[in-house]
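Here are my notes on this model. Please read them with the coordinates open.

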Amino acid sequence: MDWLTTQGNISIWVMVLPVVLGCFFFNKLDFDSKLILGVVLIGFCIQLLHYVLHQKVVLNWLYNIYTPIEFVALWYLFKKKLLSLQRRNFMDISLLVFAVISIGLVLTFGLNQRYLYEWAIVKNIVLIYWVALCLFEFYFTSYLKINIQQPFYWYLSGIICYASCTLVFYLMWYLVRKYATQDFSGLALCHLVFNTILYLLFAVGLFKNYQHPTPFRF
């Protein structure tokens with residue numbers, strides 16, 4: 001087993017940590033944390049199926065269908081943090097744009113033939129845009145605060161780290177896949193490392209929610 005495969009396995013099995021914490025503390029979690037738990041749980045189940053299913057068509061379908069599921073869940077999570085009507089409208093517009101592009105990609109390539117990395121690129125561009133909207137909200141609204149005691153701080157940190165790295169990774173998807181054992185394997189490793197960081201930060205957020213079961217109001 002080479003170092004890239006090892007990190008790949010770590011990036012999958014690290015998902016056990018937020019899943020176990022979320023299920024164990026479930027009754028004390030607020031809606032945001034339950035939403036994050038749901039996203040992680042669905043992703044973890046799909047990753048487990050990767051070990052037992054050897055039908056590439058089915059796996060492609062599962063990985064592709066996870067993209068819009070995750071996107072809609074995070075859209076709802078971010079929109080709840082925005083009080084500005086203008087920024088909330090921007091959220092809705094971005095959802096509509098994503099939907100139009102998604103329909104175009106599915107009609108062009110289908111869901112079964114391959115993993116739609118173009119879909120992941122669009123998703124992560126929009127996620128970075130949402131993070132910016134949230135930061136603007138916190139900056140321009142004096143009574144809104146975010147700190148390390150809030151679960152959303154950790155969710156936001158994980159998403160921006162992962163989305164920015166993954167955007168670069170998928171923009172170079174063809175080269176990464178073609179030269180997986182050569183120069184571009186380092187980029188693949190970075191993607192796996194940031195995937196691991198994402199779920200570790202999600203786990204921290206779930207634990208923070210357990211420590212502070214009363215939801216913070218925005």
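In which helix is L49 found? It is in helix α3. Keep in mind throughout that this is a predicted model.

1. **Surface patch.** L49 is partly exposed, with a relative accessible area of 32%. It belongs to a nonpolar patch on the surface, together with W13, L48, Y51 and V52. The accessible area of the five together is about 440 Å². Helix α3 spans residues 31-52 and gives the most to this patch, with four residues.

2. **Salt bridges overall.** Side chains of opposite charge can pair when their charged atoms come close. A search of the whole structure finds six salt bridges.

3. **D32 and K80.** These two form a salt bridge, with the closest N and O atoms 2.9 Å apart. K80 sits in the loop between α4 (56-79) and α5 (85-109), while D32 is in helix α3, 48 residues apart. K80 is partly exposed at 36% relative accessible area. D32 counts as buried because its relative accessibility is 7%, and the cut-off for buried is under 20%.

4. **D32 and K81.** D32 also forms a salt bridge with K81, the closest N and O atoms being 2.3 Å apart. K81 lies in the loop between α4 and α5 and D32 in helix α3, so the pair ties together parts 49 residues apart in sequence. Both D32 and K81 are buried.

5. **R87 and E137.** Here the closest N and O atoms of the salt bridge are 2.6 Å apart. R87 is in helix α5 and E137 in helix α6 (residues 117-140), 50 residues apart. Both R87 and E137 are buried.

How values were computed: Residues are numbered from 1 along each chain as its sequence is written. This is a predicted model: local features need pLDDT of at least 70, side-chain atom pairs count only at pLDDT 80 or more; totals for chains, interfaces and linings use all residues. Side-chain values use heavy atoms; hydrogens and water are left out. Patches are made of residues with over 30% relative accessible area and no salt bridge: like charges are joined within 9 Å, nonpolar side chains (Val, Leu, Ile, Met, Phe, Trp, Tyr) within 5 Å. Accessible areas come from the Shrake-Rupley method with a 1.4 Å probe; for residues, only the protein chains shown count as cover. A salt bridge is a side-chain nitrogen of Lys or Arg within 4 Å of a carboxyl oxygen of Asp or Glu. Helices (H or I, at least four residues) and strands (E, at least two) are DSSP runs, numbered from the N terminus. Buried means under 20% relative accessible area, exposed over 50%, partly exposed in between (1.4 Å probe, protein chains only).
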